[in-house]
Amino acid sequence: MSEDELRLAGLRVTGPRLKVLAVLEEYQDNHLSADDVYRTLLEAGEDVGVASVYRILAQFEAAGMVKRLAFNADRSVYELADEAHHDHMICKHCGTVEEFCDAGLETKLDALAQASGFRPLYHDLNLYGICASCGQKTGDRGLRTED
């Protein structure tokens with residue numbers, strides 16, 4: 001994203017907005033919380049307050065530039081909204097988030113909706129479980145169905 005995209009979104013181009021945007025772009029393969037963005041800026045020696053980071057992310061969300069995702073009740077994370085549709089797998093042990101897209105699954109969801117006369121506008125699919133790394137460490141292969 002660029003200064004022009006900020007302007008197109010109806011936002012003034014400011015240093016703090018550009019810095020937050022740069023962090024989101026640099027770490028676009030991750031899902032960062034507002035606190036993660038703030039800590040990254042702080043570690044880089046940038047002078048942007050935590051309240052400003054929260055405010056800027058809310059402005060970006062309202063402008064459709066980022067998506068806020070709540071994978072658990074106590075923490076929201078953000079991703080750039082210009083990415084193609086994808087779903088998420090979230091490890092309940094370590095919190096790792098892995099993105100995936102499966103054309104067969106998308107086709108099945110469309111067929112299910114069509115069969116019931118439902119016209120979907122969008123969907124968000126989140127699979128919760130134990131990632132391979134945590135499963136190896138704990139001996140949990142993720143085969144349980146509770147939780």
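Helices here are DSSP runs of H or I with at least four residues, strands are runs of E with at least two, and both are numbered from the N terminus. On that basis the chain has six helices and five strands. This is a predicted model, so local features need pLDDT of at least 70, side-chain atom pairs count only at pLDDT 80 or more, and totals for chains, interfaces and linings use all residues. Residues are numbered from 1 along each chain as its sequence is written, and side-chain values use heavy atoms, with hydrogens and water left out.

First, the overall picture. Reading from the N terminus, the elements go α-α-α-α-β-β-β-β-α-β-α. The C-alpha trace spans about 45 × 45 × 25 Å along its principal axes. The chain has 147 residues, and 27% of them are buried; buried means under 20% relative accessible area, exposed means over 50%, and partly exposed is in between, with a 1.4 Å probe and protein chains only. Accessible surface comes to about 9700 Å², with 50% of that belonging to carbon and sulfur atoms. Those areas come from the Shrake-Rupley method with a 1.4 Å probe, and for residues only the protein chains shown count as cover.

On contacts, the criterion is heavy atoms within 4.5 Å. Of the contacts between residues at least 6 apart in sequence, 50% join residues at least 24 apart.

On charges, Lys and Arg count as positive, Asp and Glu as negative, and His and the chain ends are not counted. Each charge is placed at NZ of Lys, CZ of Arg, CG of Asp or CD of Glu. There are 15 positive and 26 negative charges, and their mean positions are 5 Å apart.

Now the strands. In general, strands of a sheet pair through backbone hydrogen bonds, either parallel or antiparallel. Here, two strands pair if DSSP finds at least two bridges between them.

What is the strand order in the open sheet of three strands? The order is S4-S3-S5, and the pairing is mixed. Strand S4, residues 97–100, and strand S5, residues 126–129, are the edge strands, each pairing on one side only. From one strand to the next the twist averages 20°, where axes are lines fitted to C-alpha atoms, for helices over the stretch in contact, and angles run from 0 to 180 degrees between N-to-C directions.

Strand S3, residues 87–91, runs parallel to S5, joined by four bridges. S3 also pairs with S4, in the antiparallel sense, over four bridges. Met89 takes part in both pairings: its bridge partner in S5 is Leu127, and in S4 it stands opposite Glu98. S3 and S4 form a hairpin with five residues between them, and Gly95 in that turn has a positive phi of about 85°.

The other pairing is between S1, residues 66–72, and S2, residues 75–80, antiparallel over five bridges. The hairpin joining S1 to S2 goes through two residues, and Leu69 stands opposite Val77 in S2.

Leu24 lies in helix H2, residues 15–26. Is Leu24 buried or exposed? Leu24 counts as buried, because its relative accessibility is 4%. Leaving out residues up to four places away in sequence, Leu24 touches Val37, Leu57, Phe60, Val66, Tyr78 and Leu80. Glu79 is 55 residues from Leu24 in sequence, with a C-alpha to C-alpha separation of 7.1 Å.

Asp102 sits in the loop between S4 and helix H5, residues 103–115. At 36% relative accessibility, Asp102 counts as partly exposed.
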